[in-house]
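Try each task before reading its solution.

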Amino acid sequence: MTNGEPALTGADLDWDAAAPSFDDEPDHGLRDPDVRQAWASRLRSWLPGRACDVLDLGCGTGSLSLLAAEQGHRVTGVDRSPAMVDLARAKLAGRDAAFLVGDAAAPPVGEERYDVVLVRHVLWTLPDPARVLRHWAGLLRPGGRLVLVEGVWGTVSPVGIPADRLTGLLAPLAAHVRVERLSDDELLWGKAVDDERYAVVAGV
């Protein structure tokens with residue numbers, strides 16, 4: 001999303017229809033080796049150094065799931081779109097990964113618990129982020145962490161969730177919260193961006 005484009009929410013989009021071309025965006029498909037390496041390096045700094053269980057919510061076609069799996073982690077991905085999940089399964093065929101069709105706000109994982117809940121560009125689309133964050137924190141094992149990549153897009157009708165609001169929502173849930181600004185790293189996006197993009201790593 002760039003400045004001047006109409007504001008869209010996740011509910012406005014047909015994600016099944018978007019799935020075939022979803023990876024055409026540089027930061028979605030990570031096809032450019034430099035973009036891919038930039039995300040791999042960030043992910044390595046956000047995830048534990050040891051092999052762990054990662055729940056990738058709103059996983060899309062599984063690009064971040066693949067990076068996590070390549071770094072030795074066991075991944076469960078959840079996405080509302082069956083077409084996205086099919087692409088993720090194909091992308092990670094043979095890896096230690098499983099993909100489920102379901103709601104990122106209430107993932108269908110039963111009593112399973114994880115070391116990391118990883119979410120990119122999903123929370124801002126949900127109507128009650130405070131409730132969702134509480135639920136996600138409850139999916140973590142003791143000492144687990146939330147890794148949330150979010151931002152604010154657009155100037156005329158901006159959409160998203162500012163970093164200060166997200167850290168405020170996390171304050172009652174997290175023992176420590178770190179914000180990492182991402183806007184000035186062109187390699188992550190395949191282009192220069194002038195909106196607010198950031199990651200929050202929150203230990204609970």
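**Exercise 1.** Does L140 count as buried or exposed, and at what relative accessibility?

*Solution.* Before starting, note that this is a predicted model, in which local features need pLDDT of at least 70, side-chain atom pairs count only at pLDDT 80 or more, and totals for chains, interfaces and linings use all residues. Residues are numbered from 1 along each chain as its sequence is written, and side-chain values use heavy atoms, leaving out hydrogens and water.

- Step 1: apply the cut-offs, which are under 20% relative accessible area for buried, over 50% for exposed, and partly exposed in between (1.4 Å probe, protein chains only).
- Step 2: L140 has 9% relative accessibility and so counts as buried.
- Step 3: list what L140 touches (contact means heavy atoms within 4.5 Å); leaving out residues up to four places away in sequence, the partners include Y114, D115, V116 and V204.

**Exercise 2.** Which residues does S63 contact, and what joins S63 to K91?

*Solution.* 

- Step 1: S63 lies in helix 4, residues 63-70, and is buried because its relative accessibility is 6%.
- Step 2: setting aside neighbours within four places in sequence, S63 is in contact with D23, H28, G29, L30 and K91.
- Step 3: the side chains of S63 and K91 are joined by a polar contact of 2.9 Å. The term covers a pair of N or O atoms within 3.5 Å; within protein, one must be able to donate a hydrogen and the other to accept it, and residues adjacent in sequence count only if both atoms are side-chain atoms.

**Exercise 3.** How do helix 1 and helix 5 pack, and which residues make the contact?

*Solution.* 

- Step 1: two packed helices are described by the angle between their axes and the distance between the axes.
- Step 2: helix 1 (residues 15-22) and helix 5 (residues 82-91) pack at about 30 degrees, their axes 7 Å apart. Axes are lines fitted to C-alpha atoms, for helices over the stretch in contact, with angles from 0 to 180 degrees between N-to-C directions.
- Step 3: helix 1 contributes W15, D16, A18, A19 and F22, while helix 5 contributes P82, A83, M84 and L87.
- Step 4: sorted by class, this contact has eight nonpolar, no polar and one charged residues.

How values were computed
Helices (H or I, at least four residues) and strands (E, at least two) are DSSP runs, numbered from the N terminus. Ala, Val, Leu, Ile, Met, Phe, Trp, Tyr, Cys and Pro count as nonpolar, Asp, Glu, Lys and Arg as charged, and the others, Gly among them, as polar.
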